[in-house]
Amino acid sequence: MKNIAVIGTGYVGLVSGAGISDYGHNVVCTDIDISKIKRLQNGEITIYEPGLEELVNRNVQSNRLSFSSNVNKCIQRADVIFIAVGTPEGDNGSSDLSAVFDVARAIGNNLNGYKIICTKSTVPIGTGAKITEIIKETSNELNEFAYVSNPEFLREGSAVKDFLWPDRVIIGASCARAFDTMKNVYRPLFINETPVIETTIETAELIKYASNAFLSVKISYINEIANICDEIGADVHVVSKAMGIDGRISSKFLHPGPGFGGSCFPKDTKALISMAEEMGVNLKVVKSAVEANQLQKERMVKKLFNLFDGNVKNKTIAILGLAFKAQTDDVRESPAIDIIDALQSNGAIIKAFDPAANDNMKKLYNDLDTYVSWEEAVKDVDGVVIMTEWNEFRGMDLSKLKGLVKSPNILDCRNILKIDDLEKLGFKYDNVGRKKR
Ligand code: UGA
């Protein structure tokens, strides 16, 4: 059992801290945000993530997980320190690393014996070397440490599952002691035979960006194929199913939609492009995926307007789904933002509903009219647009929907509604790469 400090109790830090304590270690999650730590100490889960409350409670009750705002003390007591602070987008698409470097200085100032310093935050290639340098500069040279890059692959909405049952664990380090300690941290996964890749720090840093950028390319690709389907009357679901059966392609991340959003793909693709540019490498494929993603968001706006012959002025439109994907309350870079902007600037009246993200979207648009259920949101509207693939929209009773709206016009940006039912009920409908009317 190791004593572990996780610095940063945002999305990555909280899920990782709770997950590592579930592996049987003694974990303290710490943060400079005192109010956040107080809320966590009082049993409040500060982020929306299915299964996290149960995971946190179970480990707090077993005395393996606790929260503290005393960052220095947590560093002093730990054998392994995870850096999990935010790396927001800075200038020119690069990452703002000020929080990471502040933590590195705090670690250096409090180093009191051999420790493993491990970064979980997504940081540009070469950041490990900079962190190492800062710790060396700020610490007493008698205190040794080893640096590890251990990127996370958590998806919002299924982060607990992704942490406890990952596809792989990446450990980038430069000495046997660091690899051994990290293998000890992830011991339960070794027993489960989870693949563990031991590599250099720089390679580990690149793996994270290479993975996220690849998935972004895959999404933009299937979105463009869906756009061809729109033109020729083909069904993109059949196309992606047939493609996905080929083991070289795989069926995952081949779901067409309104474009990718969230805090990771948009930021990480831009950061990778900007890093590569500095190295003199032109990432044409990733650049195109980013551009195609913007065009996809704009295409959804055009599709919605087309349901009203191009004019949405004074039309009342229900937006179902505000979060960038289901099972999260996160609206960062959500395609719903482009829809709201376009509707607002063209004189439409919006009625919005999301099962979890109403409040977050109201922080961006305080005049947004939000409702507590889809039934309320669609009452007497001229049209409906589905932006997020929540299960409650998948299971929507379409005859009930028809009875509530003023005019049965619907754009399904997630392809979750049954076309046969829309057809039978006489909806005018559109989607992403499927039959439409
Ligand atoms: C993503 C990665 O999947 C995680 O592995 C990674 O750890 C995380 O970023 C991160 O870097 O921290 P996340 O952004 O939470 O996770 O969500 P995803 O499930 O990957 O979805 C991203 C976007 O792609 C969403 O807007 C989603 O709707 C869209 N998407 C996804 C599609 O349009 N089609 C698909 O087939 C899959």
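## Cavities

On a 1 Å grid over the protein atoms alone, a cavity is a set of points where a 1.4 Å probe fits but cannot get out, and its lining residues have an atom within 4 Å of a point. Grid points are joined across faces, edges and corners, and a volume is the space filled by probe spheres set on the points. The structure described here is a predicted model, in which local features need pLDDT of at least 70 and side-chain atom pairs count only at pLDDT 80 or more, while totals for chains, interfaces and linings use all residues. Residues are numbered from 1 along each chain as its sequence is written, and side-chain values use heavy atoms, with hydrogens and water left out.

The largest cavity holds about 50 Å³ of space and is lined by Thr-119, Ser-121, Thr-122, Val-123, Ser-149, Pro-151, Ala-204, Glu-205 and Lys-208. Helix H10 (residues 201–232) gives the most to this lining, with three residues; helices (H or I, at least four residues) and strands (E, at least two) are DSSP runs, numbered from the N terminus. The lining of the largest cavity comprises three nonpolar, four polar and two charged residues, where Ala, Val, Leu, Ile, Met, Phe, Trp, Tyr, Cys and Pro count as nonpolar, Asp, Glu, Lys and Arg as charged, and the others, Gly among them, as polar.

The second largest cavity has a volume of about 40 Å³. Its lining consists of Asp-412, Asn-415, Leu-417, Ile-419, Leu-422, Tyr-429, Asp-430, Asn-431 and Arg-434. Helix H19 (419–424) and strand E13 (428–430) are the elements that give two or more residues to this lining.

## Domains

The chain is divided into domain 1 (3–199) and domain 2 (209–290), with bounds that come from an automatic or database domain assignment. Taken over C-alpha atoms, the centres of domain 1 and domain 2 are separated by 29 Å. In domain 1, 14 residues are in contact (heavy atoms within 4.5 Å) with ten residues of domain 2.

## The second largest pocket

A pocket is an open set of grid points with protein on both sides within 12 Å along at least five of seven lines. The second largest pocket contains about 1200 Å³ of space. Of the 48 residues that line this pocket, Gly-10, Tyr-11, Val-12, Gly-86 and Arg-332 are the closest to its centre.

Domain 1 and domain 2 each contribute at least three residues to the lining of the second largest pocket. Helix H5 gives the most to this lining, with four residues. By class, the lining of the second largest pocket has 19 nonpolar, 13 polar and 16 charged residues.

## Packing of H5 and H6

Helix H5 (residues 98–110) packs against helix H6 (residues 127–138) at an angle of about 35°, and their axes are 7 Å apart. Axes are lines fitted to C-alpha atoms, for helices over the stretch in contact, and angles run from 0 to 180 degrees between N-to-C directions.

In H5, Val-100, Phe-101, Ala-104, Arg-105, Ile-107, Gly-108 and Asn-109 meet Thr-127, Lys-130, Ile-131, Ile-134, Ile-135 and Thr-138 in H6. The residues of this contact comprise seven nonpolar, four polar and two charged.

## Surroundings of Tyr-371

Tyr-371 is placed in the loop between H15 and helix H16 (374–378). Not counting residues up to four places away in sequence, Tyr-371 touches Lys-351, Ala-352, Phe-353, Asn-358, Glu-376 and Ala-377.
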